[in-house]
Amino acid sequence: MWEAIISFFLTSVLSVFAKKTGFLDHPDSRKSHGRAVPPVGGVSIFLTLLIFERDNPFFLFSIPLFLLGLLDDLFDLSYKIKLAVTTLVAVWFSTAVTIEVSIFGARIHPVFFVIWFVGMVNAFNVVDGLDGLLSGISLFSSLMIGERSLAFSIIGFLPWNLPDAKVFLGNSGSFLLGAYLSTASVVFFEGDLGYATLFLGFPFYEIVFSFVRRLVVKKNPFSPDEKHTHHVFSRKIGKWKTLLILVSFSLMFNLLGLSQKFYLILLYVVLCCVLLFTYCVLQRGDGNLKL
């Protein structure tokens, strides 16, 4: 509980500091918010975890990516730099933690964890495009795998991040949450990337869909845009409805992963198809949102 109180207080203080120093996320052609917002939510969550979880290995492995995200917030780093650092952290984790990597029980080479981790961290970054979305899905995910301090740290920040957000997570926050929950989920599922992927099913869906969507229209798959699921949904039905719908989908994916039943991958595919179908229906008639 103290984590929530401290996180709330730190977010308040840091947002004032950010406004005075000009550390703000300004709107531009590829961002949907209409005013400058302090991207300090990740910093407040990080400092809270530093107090309560400094010996937690998941937090320790997340520190380099938090710093990478903070530098990205400040200097807008190249995706190549971010990709390289994320890969190094994945290799570090896979060599430091003794765990057999598998997919639904079938053992695989540890290199697949590196690929999975890099993709999942970027997936968390991708879904951080709607007020409250990433913090909301991360809150439920952390609670379900017993990461209490992380959950309460997010709870303290969440009131500042709900629509219309007064504070953003920033890339420091999305990278921190992506690294923390990816590593924690893999260990929770004893190295099984299959069930960990089902558990983190919404970010995984979004990164795969975005990658394929851009390749189909011959665009750089790493280039940012405003055509993600949360963008299309929010423009058509509003931020609050979109937030409730997508967090609910993420919660369903969490439950599928926790069940650890292989056949439920079929239900996951069905739910993804429902999301994709709804995306296409909402996109129709809006010339600004073509693939």
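Keep in mind that the model is predicted.

I'll start with S153. S153 sits in helix α7, which runs over residues 148-161. Is S153 buried or exposed? Its relative accessibility is 0%, so S153 counts as buried. The side chain of S153 comes to 2.7 Å from the backbone oxygen of S149. Setting aside neighbours within four places in sequence, the contacts of S153 are E3, S7, I45, T48 and L49.

Next, N125. The UniProt entry, which is unreviewed, lists N125 under "binding site". In the model, N125 belongs to helix α5, residues 111-127. The relative accessible area of N125 is 23%, so N125 is classed as partly exposed. Buried would require a value under 20%. Which residues does N125 touch, once those up to four places away in sequence are left out? They are N171, S174 and F175.

Last, the cysteines. How many disulfides does the structure hold? The count is 0. Take C273: the closest cysteine sulfur is in C272, and the distance from the sulfur of C273 is 7.1 Å, which is too far for a bond. The cut-off for a disulfide is 2.5 Å between the sulfur atoms. C280 is in no disulfide either, and its nearest cysteine sulfur, that of C273, lies 10 Å away. As for accessibility, C273 is partly exposed, with a relative accessible area of 45%. C280 has 36% relative accessibility and so also counts as partly exposed.

That is the end of my part.

Methods
Residues numbered from 1 in each chain as written. Predicted model: local features only at pLDDT ≥ 70, side-chain atom pairs only at ≥ 80, totals over all residues. Heavy atoms only, no water. Helix = DSSP H or I, 4+ residues; strand = E, 2+ residues; numbered from the N terminus. Buried < 20%, exposed > 50% of the residue type's maximum accessible area, 1.4 Å probe, protein only. Polar contact = N/O pair within 3.5 Å; in protein donor to acceptor, adjacent residues only side chain to side chain. Contact = heavy atoms within 4.5 Å. UniProt positions renumbered as here; feature names shortened; annotations may be inferred.
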